Amino acid sequence: MRTKRPLREPVRDAPGPKVKNYITPAGLQRLKDEHRFLLNRERPAVTQVVAWAAGNGDRSENADYLYNKRRLRQIDSRIRFLTKRIDTAEVVDPAVPRSGAAATRVFFGATVTYKDAAGHQHVVCIVGTDEVDLNRRYISWVSPLARALMKSSPGDRVFLRAPKKAEYLEILDVKYAPIPMDPFRESPESR
């Protein structure tokens, strides 16, 4: 006679340390605007097309139905993502005055001027992961460059270890000012 094995519980990942979701006020507003647009305009419009296409008969060969059903899943996925990001956001305003040494040290929201090993000057703004814009030199606070710059002050030399290079950087200036962010704009296809 064979004995039954007890059912095994699935192995769940132990809740590890949560990574903070730092964001600037303008970045949070941009996420909220996109969330509102998807919920109030995009999703209802696509739902209406899905309902119309479903009424046209055979759904298995109905391109309008299949395409818009897939689009609806993408919208719902993006809404869930934005909801989580907004709910866990920790807003840090770079324009708030800092006192003492914190006013000249690099933290989230800083605009940093540094010189690389070749002597070239660069200016970067340290922003949240949802606000990265390499064309404007907005880098994530968790990027290798930002991590190397963190807690340094003008005159300090820091060591950058990045996937493609390793070099010393010299901090020239640290400022805290509002970081301009482009507002959310709906895509031309959604109009």
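Tutor: Ala, Val, Leu, Ile, Met, Phe, Trp, Tyr, Cys and Pro count as nonpolar, Asp, Glu, Lys and Arg as charged, and the others, Gly among them, as polar. By that division, the lining of the largest pocket in this predicted model holds 11 nonpolar, three polar and four charged residues.

Student: Which residues lie nearest the centre of the largest pocket, and how many line it?

Tutor: The lining has 18 residues, and Tyr114, Arg137, Ile139, Leu145 and Leu160 are those nearest the centre. At least two lining residues come from each of β4, β5, α3 and β7, and the space in the pocket comes to about 360 Å³.

Student: What makes up the secondary structure of the protein chain?

Tutor: The protein chain has three helices and seven strands, and along the sequence they follow the pattern β-α-α-β-β-β-β-α-β-β. Of its 191 residues, 32% are buried, and of the contacts with a separation of 6 or more, 58% join residues 24 or more positions apart.

Student: Why is Thr111 called buried?

Tutor: Buried means under 20% relative accessible area; Thr111 has a relative accessibility of 15%, and therefore it counts as buried. Thr111 belongs to strand β3, and, with neighbours within four places in sequence left aside, its contacts are Val123, Val124, Cys125, Asp173, Val174 and Lys175.

Student: Why is Lys175 called partly exposed?

Tutor: The name partly exposed covers what lies between the 20% limit for buried and the 50% limit for exposed, and Lys175, in strand β7, has a relative accessible area of 46%, so it is partly exposed.

Student: How do you know which residues Lys175 touches?

Tutor: Contact means heavy atoms within 4.5 Å, and on that basis, not counting residues up to four places away in sequence, Lys175 touches Gly109, Ala110 and Thr111. Gly109 is 66 residues from Lys175 in sequence, while their C-alpha atoms are 8.9 Å apart in space.

Student: What makes β3 and β4 a pair, and in which sense do they run, parallel or antiparallel?

Tutor: Two strands pair if there are at least two bridges between them; β3 and β4 have five bridges, in the antiparallel sense. Within β4, Val123 is the bridge partner of Thr113. The hairpin of β3 and β4 has five residues between the strands, and there Gly119 takes a positive phi near 90°.

Student: How do you know that β4 also pairs with β5, and in what sense?

Tutor: The requirement is again at least two bridges, and β4 has three with strand β5 (residues 138-140), this time in the parallel sense. Ser140 of β5 is the bridge partner of Val127.

Student: What is Val112 in contact with, leaving aside its neighbours within four places in sequence?

Tutor: Val112 is in contact with Val106, His122, Val123, Val124, Ile126, Leu149, Ile171 and Asp173. In soluble globular proteins, nonpolar side chains tend to be buried together.

Notes
Residues numbered from 1 in each chain as written. Predicted model: local features only at pLDDT ≥ 70, side-chain atom pairs only at ≥ 80, totals over all residues. Heavy atoms only, no water. Helix = DSSP H or I, 4+ residues; strand = E, 2+ residues; numbered from the N terminus. 1 Å grid on protein atoms, 1.4 Å probe; cavity = no way out; pocket = protein on both sides within 12 Å on 5 of 7 lines; lining within 4 Å. Points joined across faces, edges and corners; volume = space filled by probe spheres on them. Buried < 20%, exposed > 50% of the residue type's maximum accessible area, 1.4 Å probe, protein only.
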